[in-house]
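Open the structure in your viewer and keep the selection tool at hand. Each stop below says what to pick and what is there.

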Amino acid sequence: MTRIGRTLLALLYKDVLVELREVHHLLSVVLFGLMLLLLFSFALSVDPDVARRIAAGLFWLAIFFTAILTLEHSFRREMVAGQWEGLLLTGVDPRLLFVGKVLAHLVLLFVVGVTLLLPMAVLFDVTLSWRLVSVLALGTIGIAGVGTFYAGLTARVREGQVLLPLLLFPMMVPLLLAAVHATQFAMSPDPFGQQIAWLRLLAVYDLVLGVGALLCAGTLFESG
């Protein structure tokens, strides 16, 4: 394994281990997502067919809000503890630091998303499939990549907790729209294969925005 690979694994291990040590925060995020789905299902008690059609949108709203909590908490904690400065002083490339945080957020968001799939299936009477998991994977990649960048950008600002959702939501609109449509086609018959087009849009979003965030990552970490 190359030096870059070993560094990335070490950074990923560090971030995941820190999250596991604060398992109460992870549980609170999962419970928050569950509460959102539960409240949505009761507040929007409508015809079962209508409920199945809006389930995808409510599911991705729950994912987005839980992502905000995870991203903000992670960066705020490291900034207070001075971990960024310590890692940069050891010679870690800022871009590797960014990729490590993206991977850690990706793992956490994917776990939260998979955990929320079953309650969604029960509350909205939808069928789970591997196609749903593929949509979840592509969606969480985009949220982790762009969300990590904006969380780092706002972590040093006093009102960063307020700014993060305000800045992140407009950037997430294309991803959320594509993810909702792809999820809807994953939960229903798709004789014309329309889900593929939305999955391709998700993949293009992940690639373009991910590369853009990576190119700016050096400035992001070195600015402080």
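Start by selecting Asp93. In this predicted model, Asp93 is partly exposed, because its relative accessible area is 28%. The side chains of Asp93 and Arg95 meet in a salt bridge, 3.3 Å from N to O. Is Arg95 buried, exposed or partly exposed? Arg95 has a relative accessible area of 45%, so it counts as partly exposed.

**More charged pairs**

Side chains of opposite charge can pair when their charged atoms come close. How many salt bridges does a search of the whole structure find? The search finds three.

Select Asp15 next. Asp15 counts as buried, because its relative accessibility is 5%. Asp15 and Lys14 form a salt bridge, and their closest N and O atoms are 2.7 Å apart. Show the three side chains together: Lys14, Asp15 and Lys101 are linked in a network of salt bridges.

**Along helix H1**

Stay on helix H1, residues 3-21, and pick Leu17. Leu17 has 27% relative accessibility, so it is partly exposed. Now draw a distance to Val208. The C-alpha atoms of Leu17 and Val208 are separated by 30 Å. Along the chain, these two residues are 191 residues apart.

**The nonpolar core**

In soluble globular proteins, nonpolar side chains tend to be buried together. Here the largest nonpolar core has 58 residues. Which of its members touch the most other members? Select Phe59, Trp60, Met120, Phe124, Ile143, Leu168 and Met172. Colour the contributing helices next. H2, H3 (48-81), H5, H6, H7 (160-186) and H8 (195-222) are the elements that give two or more residues to this core. H3 gives the most, with 13 residues.

**Aromatic rings**

A pair of aromatic rings is described by the distance of the centres and the angle of the planes. The model has four aromatic pairs. Zoom in on one of them, Phe149 and Tyr150: the ring centres are 5.6 Å apart and the planes stand at 90 degrees, so the pair is edge-to-face. Phe149 and Tyr150 are both buried. Then select Phe64, Phe65 and Phe169. Ring pairs link these three residues into a cluster.

**A nonpolar patch on the surface**

Switch to a surface view. Select Met35, Leu38, Leu39, Phe42 and Leu123. They form a nonpolar patch on the surface. Together they have about 480 Å² of accessible area. Which helix supplies the largest share of the patch? Helix H2, residues 23-43, supplies four residues. Leu123 belongs to helix H5, residues 94-124. Leu123 is partly exposed, because its relative accessibility is 32%.

Most residues other than glycine have a negative phi, and most peptide bonds are trans. Select Asp125, in the loop between H5 and H6. Asp125 is not a glycine, yet its phi is positive, at about 55 degrees. Is Asp125 buried or exposed? Asp125 is exposed, because its relative accessible area is 52%.

Now select Trp84 in helix H4. Trp84 is buried, because its relative accessibility is 1%. Draw a distance from Trp84 to Pro94. Their C-alpha atoms are separated by 9.1 Å, and the two residues are 10 residues apart along the chain.

For the last stop, colour the chain by pLDDT. The mean over the chain is 84, and 96% of its residues reach 70 or more. Where is confidence lowest, and where is it highest? Confidence is lowest in helix H4, residues 83-89, at a mean of 72. The highest value is in helix H6, residues 130-155, at 90. Where pLDDT is low, the predicted coordinates should not be read in detail.

Note on methods
Residues numbered from 1 in each chain as written. Predicted model: local features only at pLDDT ≥ 70, side-chain atom pairs only at ≥ 80, totals over all residues. Heavy atoms only, no water. Patch = residues over 30% accessible without salt bridge, like charges linked within 9 Å, V, L, I, M, F, W, Y side chains within 5 Å. Areas by Shrake-Rupley, 256 points an atom, 1.4 Å probe, with all protein chains shown as cover. Salt bridge = Lys/Arg side-chain N within 4 Å of Asp/Glu carboxyl O. Buried < 20%, exposed > 50% of the residue type's maximum accessible area, 1.4 Å probe, protein only. pLDDT = per-residue confidence, 0-100. Phe/Tyr/Trp six-rings, centres within 6.5 Å; stacked < 30°, edge-to-face > 60°. Core = buried A, V, L, I, M, F, W, Y, C linked by side-chain atoms within 4.5 Å.
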